[in-house]
Structure formats: C-alpha cells, structure tokens
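Work through the exercises below with the sequence and the model side by side, and try each task before reading its solution.

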Amino acid sequence: MSLKKPITEATPGTIIYDGTRAIRGYALNKMCFSFNSAENRDAYRRDEDGYCDKFELTEEQRQALKHRNVLELLEAGGNIYYLAKWAGIFGMNVQQIGAQQRGISEEEFKEMLDRAGGD
Amino acid sequence: MARVIGGIATSHVPSIGKAIARGWENHPHWKPFFDGYKPVHAWLDEVQPDLAVVVYNDHGLNFFLDKMPTFAVGAASQYKNADEGWGLPVVAPYSGDARFSWHLIESLVADEFDITTCQEMLVDHAFTVPMSLLWPKPGWRAVPTVPISINTVQFPLPTPTRCYKLGKAIGRAIESYKKDIRVLVIGTGGLSHQLDGERAGYINKKFDLLCLEQIVNDPEELLRYSVHDLVRDAGAQGVELLMWFVMRGAMTGQVMEKHHTYHVPISNTAAGLMVLENESRGRRN
C-alpha cells in the first residue's frame, strides 16, 4: 500500500486510525510513546533532531513536529493518544490542540464546547 | 456464589484527575460535576461491593502499537499507575485479586473470548480517575479490582455487539465464582467527544441523552450501531461507549437505574455517569 495515498474518511474531519495509518506513523508513534518517560522528554527538549534520528522519522514527520502542527502530524500517521504525550512537552492542553485543528482561537473553541451543553 | 450487584459507567477525563490532585472539588467550575458523584458514594456505602471489574481503554500507557490486544485482562495482585507524559500526578497502586482474575480468564476463554492475560499491567487515567471519583479520599476503601482493557486506539475495534457479549460472559464468569462475594462492574469513558481532526471538539448531546436512556431500558437497540456509526454520532473518542456496553452486558438480571448525570463540558468531553443496580436471578447457564 502506498504511503503517500491520501486518506479519505467517511465522517469529514474525523480520523479512523486504521492499519494504513498505523504503518505510516509507526516510528513517529514509537517516539511519542517513549515520552511516557520524563528522562526521554528531557532528551527531546535538549536535542530534538538528535532524538528524531534515533527513531528514523521521515522528513514529513520531522517537518510536522517542527511546525508543531497536529493536523500535519495526524496526516503523517500520528495517533492522537501518542501525540498527546508529545504535545505535553510543550504544555499544550486538549483545548489548544482542538483549537489548532479547527483553526480557531482557544477561547472560541471553549465557547463552542460550552454551547454544546445548551442545545 | 458470587453475585453481580450492579454497574457503574462514568467518564474518565484526565482533567478530572488534575482537579482532584489540586483539591478543586468545591471550586465553582467543578462543584456541580463532583456533586453528581455524592449519590454514588451513598449507594456504594449501601451495597458494599467486595470487588470491582473495571473495563476501560488504555491510552498508550501500557500498550503500544507493537502489540495491541483487543481485550486484555489483568491477572495480578497489584496494578500500578505511571507517568502518562502530560502531567497527571501518579497515584498509589491498586490491589488486585489474582485468584478471581484467573477464574475470570478461564471462564472467558471457555466462553470463546480469546483474551490476552496480563500479569503486569499499568493502569492509566481511564482506570484511576473513575476509581478516585467513586472512592475519594479520605473515605478511601481499597476494593480489589480486575482491570480489563479494550482497544480503542487502533482500528479495527470490537463491535458494540461483541462488547455487549463480552459483558454477558463477564457476568456469567462472576456468577460462577464459588466465593460468596459482591461484584461491581465499572465501564469507563465517553460520552461524546473528539480530540483529533478538523471536527475536534464535537459533542452530540442528543445522541448522548438517547444512549443514557437506552443503555438502561433497551441496550440491544444500541447494538444496531456499528463502530463507525458511533464515531459519526459520538465523535472519534466517543466510541468509548463500548465500555458502557460491556458494563451493561454484565448485568445478569433485573436492572434498576439508581442515578445518572450528564455534564457538558468537562474539558472537551460530555461527561456521563450512570449507576445500575442488578437484581441477580442467580446462577445461569
């Protein structure tokens, strides 16, 4: 299966994390899984490129990490549960992660969540 | 013989764990949410479970994509929590009941559920947050637990029907255990929420309220939904409803709803809580 093939989803804007994605993102997710350890998080902070080298990440994955861009990381095969550990290194919370993907501000994102309870 | 005395389903949002760690239970933002658990504490005091089977989904603490079991059952005398990477304080270990675990494992495999057995199993926030909500300090009472982790990380996920049947098999296993103990089945996760993709932040109150009603009165109606239907209607992470289906399936007899709450939002999630009392019909074939 081609690693470059665009992935289309049945529910727009919603990821089905299947085998195609799991193959594409294995190295990236393996690196993110290592961030369960504080020592590894520190090592990444000290030398991001060197740490990525150890996991043999693709150029696409490295660029997405540099851009701190969650949608790019998802497209590169990242799984949100492992990416959350990476995002934690920068103190990003799930509202900030959500807002970035929606292309809105954190405040707008929180207002959207509040509105969902009132419908 | 052991009995299934009831079931609890509750959300397990990490921010709840942070609020507990900071002692924010009476903070104006949090108080209405935490107050929703007070009737549950009263019920637990009344029914006095001896053991809890906790059905949850690991979020990349114990399991990685190298080996991803669909159903994994704890078989240890102790379960540790550990650093998940994004700042939730690590909590003290939980006691297990390895003898009961092995009975459960024997029974499930005989019932054609080819589960993975784990003599070591780190339990993440999806296990620890509900335990802290249900048995808060300082009133902590260490009920031994058996964790069961269900894969919701990597598709294909087990179907709602399969999860409901797993629940039924768990119920049969409990009620064939020779020791006279009172067992509670807990399912954690949900309700609607989505963390990833352009639809992040998706919440579907209408669907959640339908689930809260049908889980009690007509659970098999919900089994018409495929996993992909759940993703569409409850959000990508709302598939955690699967754990609610397992809990409901484990109720062996007449079910009575004792309590439920619905609270939007907790973090990015529509938080749900439900307590079911199970009037066991005794041992079944």
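**Exercise 1.** Among contacts in chain B between residues at least 6 apart in sequence, what percentage join residues at least 24 apart?

*Solution.* The model is a predicted one, in which local features need pLDDT of at least 70 and side-chain atom pairs count only at pLDDT 80 or more, whereas totals for chains, interfaces and linings use all residues. Residues are numbered from 1 along each chain as its sequence is written, and chains are lettered from A and ligands numbered from 1 in the order in which they are written. Take two residues as in contact if their C-beta atoms, placed from the backbone, lie within 7 Å. With that cut-off, 84% of the contacts in question join residues at least 24 apart.

**Exercise 2.** Describe the burial of chain B and of its helix α5.

*Solution.* Begin with the criterion, by which a residue is buried if 20 or more other C-beta atoms, placed from the backbone, lie within 10 Å of its own. Next, turn to helix α5 of chain B (residues 125-134), where ten of ten residues are buried, including B:F127, B:M131 and B:L134. Helices here are DSSP runs of H or I with at least four residues, and strands are runs of E with at least two, numbered from the N terminus.

**Exercise 3.** Which helix of chain B gives the most to the side that touches chain A?

*Solution.* First, note that 32 residues of chain B are in contact with 39 residues of chain A. On that side of chain B, α9 (227-234) and β9 (254-266) each supply at least two residues, and α9(B) gives the most, with three.

Conventions. A residue is buried if 20 or more other C-beta atoms lie within 10 Å of its own, exposed if 12 or fewer, and partly exposed in between; C-beta atoms are placed from the backbone.
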